[in-house]
Each structure stands twice: as structure tokens, then as C-alpha cells.
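Please keep the sequence and the 3D view open while you read.

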Amino acid sequence: MELVDLQAQRQRLGGAVEEAIARVLDHGRFVMGPEVAEVEARLAEYCGARYAVSCASGTDALLLVLLAWDVGRGDAIFVPAFTFAATAEVVALVGATPVFVDVLPTTFNLDPDSLHRALAVANDASLRPAAVIPVDLFGQPADYPAIEKLAADAGMLVLADAAQSFGASRGGVRTGCFGAATATSFFPAKPLGCYGDGGAVLTDDADLAAILRSLRVHGQGVDKYDNVRVGINGRLDTIQAAILLQKLTVFEEELAARQEVAARYARLLRHPVEVPVVEDGVVAAWAHYTVQIPDRDRVNAALDREAIPTAVYYPRALNRQPAFSDMPADPEGTPVARMLSKRVLSLPMHPYLQDSDQERVAEALVTALPS
Ligand SMILES: *Cc1c(COP(=O)(O)O)cnc(C)c1O
């Protein structure tokens with residue numbers, strides 16, 4: 001059993017991925033080859049966004065948008081306290097200040113009430129509220145209707161961190177269409193993964209898309225040796241684009257299979273295991289199936305002895321990490337993020353997970369837990 005079984009997917013795809021890679025080896029356009037434009041068109045079409053600008057990773061996708069928006073010193077960018085380091089790291093890298101917001105105990109996503117309190121902190125510190133980066137943690141879109149309203153009132157932009165939620169939707173609207181821009185990742189273990197690093201920005205904003213295309217090639221103007229802004233080398237490799245094109249052919253079916261796996265876990269697990277809550281009208285991409293349990297570390301060790309793969313995303317709230325501990329936060333603190341860091345456990349989750357394996361996981365959990 002694997003936490004994420006990439007070999008099962010590879011078998012399913014037959015030789016299609018290998019053949020797609022061979023075609024790139026033959027045509028030799030390893031950087032910005034034809035597959036890159038092709039996958040961008042498919043990604044935009046899939047999400048219902050006007051533009052998809054591919055890039056080298058999910059982290060670069062976030063960074064490129066902040067660079068394009070000219071965010072920097074004196075700007076406050078609001079980020080959840082319970083997320084992967086990249087969300088806040090890019091903010092600090094451009095010289096802006098990440099302000100940590102607490103999350104909801106049900107969905108693990110940014111708490112709009114906490115965002116409201118954190119906005120006051122930024123104003124007191126004479127920071128300009130520039131943007132908020134809601135994260136669609138474990139694959140469930142954040143509460144964009146509430147967050148977009150708060151952001152509009154504060155004059156802030158919304159950058160969705162959809163690294164874990166490609167394919168998810170809320171109210172029939174797919175990830176990629178929330179906020180002013182969406183950053184996603186194709187790291188192998190994400191819902192749509194390549195065989196290395198990759199990412200993309202989705203947006204309806206033509207000017208933003210043009211600036212992103214320039215920034216990812218050293219701020220190029222008419223060509224590579226015309227540098228009109230300070231950029232980075234942030235392109236998606238052609239080979240990775242070719243791999244993504246093949247994986248997209250089965251992505252819809254995989255998403256459906258993930259729903260079945262999640263539903264089966266929900267049937268198999270009961271108190272004191274708290275299964276994830278999916279809000280009404282939301283279809284999650286199920287990057288991870290994350291439960292909350294008492295005495296997590298002891299239970300996790302027991303599962304380990306049964307050779308059941310698990311992971312703890314995340315063992316520490318981000319604002320308690322040494323790199324970020326000086327940064328401002330909601331004045332009432334981030335107690336939910338802290339509580340979750342002690343209670344969460346992610347179970348095996350991928351489209352090819354067998355019923356019998358899920359039953360084994362559930363049984364091992366029941367045995368390990370106090371009743
Ligand atoms: C994976 C991830 C990222 C970064 O994506 P990379 O492709 O690994 O750079 C950013 N934010 C979140 C929430 C992630 O899970």
C-alpha cells in the first residue's frame with residue numbers, strides 16, 4: 001500500500017507517457033517546446049479560465065504572481081497559519097510581510113473571521129493590505145465567497161493557492177477561477193502531477209498573463225535579450241508538459257475515483273476518528289484524506305508497525321516555524337492551527353486504492369485507538 005500510488009497510475013496509462021517523452025526526445029525542443037503551449041490550452045479549458053501560464057513549480061506560480069503585482073516592502077499579505085511553507089515563503093522573498101490567519105477546525109481552510117481581525121493588525125503596523133492567499137488545503141476550495149468580499153472591502157487582491165486542489169470545484173466553479181489569479185502545482189503527489197516539478201497560474205486577466213509570460217523568462221520583452229523587468233528562470237520543461245498531457249486524459253476518471261475512496265473512508269471510520277468535512281456544493285480534489293484523532297503520535301506509530309503508510313501534514317503551524325515566528329498574526333492567535341498540528345493524520349489516498357486496503361487502514365485505526 002502506498003500513500004500515493006504513482007506506479008498504479010503509470011500502469012493504467014500503458015506506454016502513453018513513455019511514448020510522449022520519446023516524442024520530445026525526438027523533436028528536441030526541451031525548453032518551451034510545442035507541448036507547453038498545448039498543455040496551457042488544455043489547462044485553461046479544463047478550469048474554465050481564460051489563460052494558463054505554466055511555470056517551473058507551484059512555488060514559482062505563487063512567486064510570479066506576487067512579482068507581477070509588484071508586491072514588496074510595506075505590503076501585508078494574509079496567509080493561513082496551517083499550510084505548506086511555500087505559501088508564506090514567497091511573501092517574505094519579495095520583501096512583503098506575511099500576516100498569519102487562523103483556519104477553521106472543520107475544513108482546515110482560512111477562517112474569514114480571523115482574516116478580519118488580522119486586517120486590523122496590518123493597519124496598526126502601517127502595512128498596506130495588498131493581498132490574501134487562501135489555500136485549498138488537502139484539495140477543498142477555501143471559502144472564496146466570504147474571502148473575496150472581505151478582500152474587496154479592504155482593497156486587496158486574492159491569489160488562490162490551489163497547489164492541492166486542481167480539479168476541485170465550489171458551486172460548480174472550478175479551481176482556477178477564484179480570485180484574481182490561481183497558482184497550482186504539478187509536483188508528482190498532487191492531484192494532477194508530472195514526473196518532476198511543475199506549476200501554472202490560471203487567470204482571466206490578459207495583462208497579468210502577459211506579464212507572467214515575461215517574468216518566467218527573465219523579464220523578457222520582445223525577446224530573451226530584451227529585459228524589460230526583473231524576472232526569473234521559471235519555465236515548465238517540455239517533457240513535463242508532455243507527461244501532463246497524457247495524465248490529463250484520465251484525470252476526470254481519477255477525480256471520480258477519489259470521491260469513491262473518500263466516501264468509503266467516511267463509511268468505514270467512526271468516533272473518535274473525525275473524518276474531513278466537505279462543505280455543501282464543494283467537490284474536493286482529495287490531494288490528501290486527513291482525519292483528526294486524539295493521541296495522534298501514538299496511533300501513528302501503531303499504524304507504522306502495521307506497515308500502513310501515513311503522513312502528518314503539518315506537524316507545526318507555519319507561524320511556529322523558526323523562519324516565520326517573528327511575523328505578525330491574528331491578535332487572538334492561531335489556536336486552531338496549533339490544535340490541528342497535534343491531531344491531523346493523512347491516510348493513503350489515490351484513485352487506485354483498493355477496498356481491501358482501505359478496510360485494513362480502518363481496522364488498524366480502530367485497534368490503535370482508545371474506544
Ligand atoms: C505543494 C504546495 C505548494 C508548492 O508547490 P511546489 O510545486 O512544490 O513548489 C504550495 N502551496 C501548497 C499548499 C502546497 O501544498
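Which residues in α6 meet which residues in α7? The points below begin with that question, and they should be read with the caution that this is a predicted model.

1. Contact between α6 and α7. On the α6 side, the residues are Pro112, Leu115, His116 and Leu119, and they meet Ala146, Ile147, Leu150 and Ala154 in α7. Sorted by class, this contact has seven nonpolar residues and one polar residue, with no charged residues.

2. Geometry of the two helices. Helix α6 covers residues 112-124 and helix α7 covers residues 144-154, and their axes come within 10 Å and cross at roughly 15 degrees. Because angles under 35 degrees count as roughly parallel, α6 is described as roughly parallel to α7. The crossing in which α6 passes α7 is right-handed.

3. Strand β4 and its neighbours. Strand β4, residues 128-132, has four of its five residues buried, and therefore the strand is largely enclosed by the rest of the structure. Strand β2 (residues 75-80) pairs with β4 in the parallel sense over four bridges, and within this pairing Phe78 has Val132 of β4 as its bridge partner. Strand β5 (residues 157-161) is also joined to β4, here by two bridges, and these strands run parallel; the bridge partner of Ala131 is Leu157 in β5.

4. From β5 to β8. The pairing of β5 with β8 is parallel and has three bridges, and one place to look for it is Leu159, whose bridge partner in β8 is Ala181.

5. From β8 to β9. Strand β9, residues 199-203, pairs with β8 over four bridges, and the sense of this pairing is antiparallel. Within it, Ser185 stands opposite Gly199 in β9.

6. A separate point on a three-strand sheet. The order β7-β6-β10 describes an open sheet of three strands with antiparallel pairing. Its edge strands are β7 (173-174) and β10 (282-283), each of which pairs on one side only. Two bridges join β6, residues 169-170, to β7, and these strands run antiparallel; in β7, Val173 is the bridge partner of Arg170.

7. Is Ala368 buried or exposed? Its relative accessibility is 11%, and because buried means under 20%, Ala368 counts as buried. Leaving aside residues up to four places away in sequence, Ala368 touches Arg298, Val299 and Ala302. For one of these, Val299, the position along the chain is 69 residues from Ala368, while the C-alpha atoms of the two residues are separated by 5.6 Å.

Notes
Residues are numbered from 1 along each chain as its sequence is written. This is a predicted model: local features need pLDDT of at least 70, side-chain atom pairs count only at pLDDT 80 or more; totals for chains, interfaces and linings use all residues. Side-chain values use heavy atoms; hydrogens and water are left out. Buried means under 20% relative accessible area, exposed over 50%, partly exposed in between (1.4 Å probe, protein chains only). Two strands pair if DSSP finds at least two bridges between them. Axes are lines fitted to C-alpha atoms, for helices over the stretch in contact, and angles run from 0 to 180 degrees between N-to-C directions. Angles under 35 degrees count as roughly parallel, over 145 as roughly antiparallel, 65 to 115 as roughly perpendicular and the rest as oblique. A crossing is left-handed if the near helix is turned anticlockwise from the far one by less than a right angle, and right-handed if clockwise. Contact means heavy atoms within 4.5 Å. Ala, Val, Leu, Ile, Met, Phe, Trp, Tyr, Cys and Pro count as nonpolar, Asp, Glu, Lys and Arg as charged, and the others, Gly among them, as polar.
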